[in-house]
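Subject: Structure handover

Hello,

Please find the structure below, with its sequence. My notes on it follow.

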Amino acid sequence: MEKQERIILVTNDDGITAPGIRALIEAVRPLGKVVVVAPDSPQSGMGHAITIGVPLRLNQVNIFEDIEAWQCSGTPVDCVKLARDKILHRKPDICVSGINHGANHSINVIYSGTMSAAMEAAIEGIPSAGFSFLEYSYDADFSLPAKVAREVTERMLASELPAGSLFNVNIPVVEEKDFKGLRLCRQADAKWVEEFDERRDPHGKKYYWLTGQFKNRDVGEDTDVWALENNYASVVPVQFDLTNYKLKKQLEESWKDL
């Protein structure tokens with residue numbers, strides 16, 4: 001029996017015209033048949049939102065040479081769901097999401113549309129990874145992130161990963177000569193300390209603008225924050241099972257009457 005060609009689903013949250021997704025497509029193009037399903041507009045910070053109550057639109061577009069591509073009116077998670085059900089009609093061999101403009105390390109993974117798209121694929125049993133570049137400029141040089149994405153994708157395809165395997169990959173802003181390579185990490189205990197700046201519009205009405213500072217409370221040298229600060233790309237295996245097993249075990253002793 002002839003072996004099926006590998007299918008690589010590519011998606012993102014910055015929108016189908018973002019430079020980062022083009023860099024990701026070019027990085028993984030030699031590894032299999034690439035199919036792109038991505039939002040038709042930026043969807044950053046959407047987390048695991050899905051569209052309910054309004055129609056979803058899905059249109060084929062011709063913007064990547066020799067690559068089947070579809071733009072979706074919904075969220076990154078909608079894109080993966082529609083790709084699986086209406087376009088591919090089978091599980092792809094792998095799903096890669098990104099390359100995101102901006103960090104998705106530590107607590108940012110919770111809010112990230114990039115990672116939620118990859119997570120949705122992982123929920124379907126598809127090995128998946130989200131890639132993020134700690135550079136926010138629209139005209140950023142994606143050469144190094146593309147090489148990282150290629151290496152991680154190759155490693156994933158060559159490994160016998162458990163169903164639902166999911167990786168959060170972040171790439172530092174660094175000269176390639178100073179880049180130290182990949183580093184397997186854990187998620188740092190770090191978060192945004194947020195404030196809402198109260199302002200007024202031209203009509204004198206109040207509005208609020210989210211501001212804040214990123215605070216790292218973790219001194220470990222095995223975290224994604226440490227790796228990125230030391231010129232490594234962080235690779236964090238993550239999961240969608242939110243069970244706190246340590247607390248559950250503790251409560252099994254103290255809450256025996258339940």
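A crossing of two helices is called left-handed if the near helix is turned anticlockwise from the far one by less than a right angle, and right-handed if it is turned clockwise. By that convention, α2 and α4 cross in a right-handed sense. Please keep in mind that this is a predicted model.

Overall picture

The chain has 7 helices and 11 strands. Its radius of gyration is 19 Å, close to the 18 Å that the globule rule gives for 258 residues, so the chain is as compact as a globular protein of that length. The C-alpha trace spans about 60 × 55 × 50 Å along the principal axes.

The UniProt record, an unreviewed entry, lists residues 8-193 as "domain: Survival protein SurE-like phosphatase/nucleotidase".

Helix pair α2 and α4

Helix α2 covers residues 76-88 and helix α4 covers residues 113-123; their axes come within 8 Å and cross at roughly 30°. Angles under 35 degrees count as roughly parallel, which means that α2 is roughly parallel to α4. On the α2 side, the contact is made by Pro76, Val77, Val80 and Lys81. On the α4 side, Gly113, Ser116, Ala117, Glu120 and Ala121 take part. By class, the residues of this contact of α2 with α4 are 5 nonpolar, 2 polar and 2 charged.

Helix pair α1 and α5

Helix α1 (residues 19-28) packs against helix α5 (residues 143-158) at an angle of about 45°, and the axes are 9 Å apart. That angle makes α1 oblique to α5. The crossing of α1 with α5 is right-handed. Ala23, Leu24, Ala27 and Val28 of α1 meet Ala146, Ala149, Arg150 and Thr153 of α5. The contact of α1 with α5 divides into 6 nonpolar, 1 polar and 1 charged residues.

Backbone points to check

Most residues other than glycine have a negative phi, and most peptide bonds are trans. Two places in the backbone are listed here with that in mind.

- Gly98 to Ile99: this peptide bond is cis, with omega near -5°. Ile99 belongs to strand β5, residues 94-101.
- Asp66: this residue is not a glycine, yet its phi is positive, at about 60°. Asp66 sits in the loop between β3 (58-61) and β4 (68-72).

Regards

Terms used. Residues numbered from 1 in each chain as written. Predicted model: local features only at pLDDT ≥ 70, side-chain atom pairs only at ≥ 80, totals over all residues. Heavy atoms only, no water. Axes fitted to C-alpha atoms, helices over the stretch in contact; angles between N-to-C directions. Helix = DSSP H or I, 4+ residues; strand = E, 2+ residues; numbered from the N terminus. Parallel < 35°, antiparallel > 145°, perpendicular 65-115°, else oblique. Contact = heavy atoms within 4.5 Å. Nonpolar A, V, L, I, M, F, W, Y, C, P; charged D, E, K, R; others polar. UniProt positions renumbered as here; feature names shortened; annotations may be inferred. Rg over C-alpha atoms; globule rule 2.2 N^0.38 Å.
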